[in-house]
Amino acid sequence: MTNGHHGSALFGKVAVVTGAGSGIGAAAALRFAAEGASVAVIDIRAEAAQETADRIAKEQGQAIAIAADVSSAAALEEAMDRVMREFGGIDVLYNNAGVDSSGSVSVAEEADWDRCMTINVKGTFLASRAALRHMDDGGSIINQGSVAGLVGIPNFAAYCAAKGAVIALTRQMAIDLAPRRIRVNVICPGTVYTPLMEPMLRARGDGDLEAGLAKTILKYPIGRLGAPEEIANVALFLACGQSSFMTGSVLTTDGGMTAQ
Ligand code: 1HS
């Protein structure tokens, strides 16, 4: 490994990351691999998934790329079956894949609402269900929430509702899966500069990305947005044994945004 994060917190483990072709998912896939996990890189875009898997291979990590849409139960079952065949089981699932959606309730489009709920909420359910068929006792599921699931964000109706649902689902899953010693936790990042965020930042700046960024940073006491690697570090903590007494936890990772 050449990335300076060499460790073995996930030695011998198998981790699945959805939406791992870019952003936080890619950072987490790389981090998990650097810590010794065999990683299944799932993304709806085959090329993006392959790119992350190639980056992992370049650092002597182990990864496979799988193209799958998290809104498809059949695609996810096929994907998890493939992980089972190639790696022999699943220890960690990071439900990271997500989409944003803009608009207040007065103007939001029904199709955008449905898409936001389908990818963010149903996708988390479907990927978890498919993975759980192959998960051993003692595994870890990490869901991707958002500060938007905790506080209202202007013009983000469907996204806030979806992330609130992911947080509630996390607590529910933690109860049902405790007897199998599968822990389920949710990370609530503040804005991280990733491809997902660009349209929102641009809109907030009336078309000017830099202006939107400046406006957004004002909401963060720490004075900047997050980096994908800073969320990946929290995901690693939840994935490994260091968080062994944590389940049903909501981990805000937001530079103080919700502390105000
Ligand atoms: C999209 C991501 O989950 C963050 S929601 C927007 C929060 S903020 O930066 O506008 O306060």
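Begin by selecting α1 and helix α8 (residues 228-239), whose axes come within 8 Å and cross at roughly 50 degrees. Helices here are DSSP runs of H or I with at least four residues, strands are runs of E with at least two, and both are numbered from the N terminus. Axes are lines fitted to C-alpha atoms, for helices over the stretch in contact, and angles run from 0 to 180 degrees between N-to-C directions. α1 and α8 are therefore oblique to each other; angles under 35 degrees count as roughly parallel, over 145 as roughly antiparallel, 65 to 115 as roughly perpendicular, and the rest as oblique. The crossing of α1 past α8 is right-handed, that is, the near helix is turned clockwise from the far one by less than a right angle.

This is a predicted model: local features need pLDDT of at least 70 and side-chain atom pairs count only at pLDDT 80 or more, while totals for chains, interfaces and linings use all residues. Residues are numbered from 1 along each chain as its sequence is written, and side-chain values use heavy atoms, with hydrogens and water left out.

Show side chains next. G23, I24, A27, A28, R31 and F32 in α1 meet P228, E229, I231, A232, N233, A235, L236 and A239 in α8, contact meaning heavy atoms within 4.5 Å. By class, this contact has 10 nonpolar, 2 polar and 2 charged residues. Ala, Val, Leu, Ile, Met, Phe, Trp, Tyr, Cys and Pro count as nonpolar, Asp, Glu, Lys and Arg as charged, and the others, Gly among them, as polar.

Move to α4 and α5, which pack at an angle of about 20 degrees with axes 8 Å apart. α4 and α5 are therefore roughly parallel to each other, and α4 passes α5 in a right-handed crossing. The contact includes W113, M117 and F125 of α4 and Y159, K163 and M173 of α5. Its residues divide into 16 nonpolar, 3 polar and 1 charged.

The largest pocket has a volume of about 750 Å³; of its 41 lining residues, N96, A97, G98, V99 and L196 are the closest to its centre. A pocket is an open set of points on a 1 Å grid over the protein atoms alone, with protein on both sides within 12 Å along at least five of seven lines; a cavity is a set where a 1.4 Å probe fits but cannot get out, and lining residues have an atom within 4 Å of a point. Grid points are joined across faces, edges and corners, and a volume is the space filled by probe spheres set on the points.

How many cavities of 30 Å³ or more does a search of the whole structure find? The search finds 1. Select T18, V70, N95, A97, I119, N120, G123, T124 and A127 to see the lining of the largest cavity.

Finish with N155, a non-glycine residue with a positive phi of about 60 degrees, in the loop between β5 (135-144) and α5.
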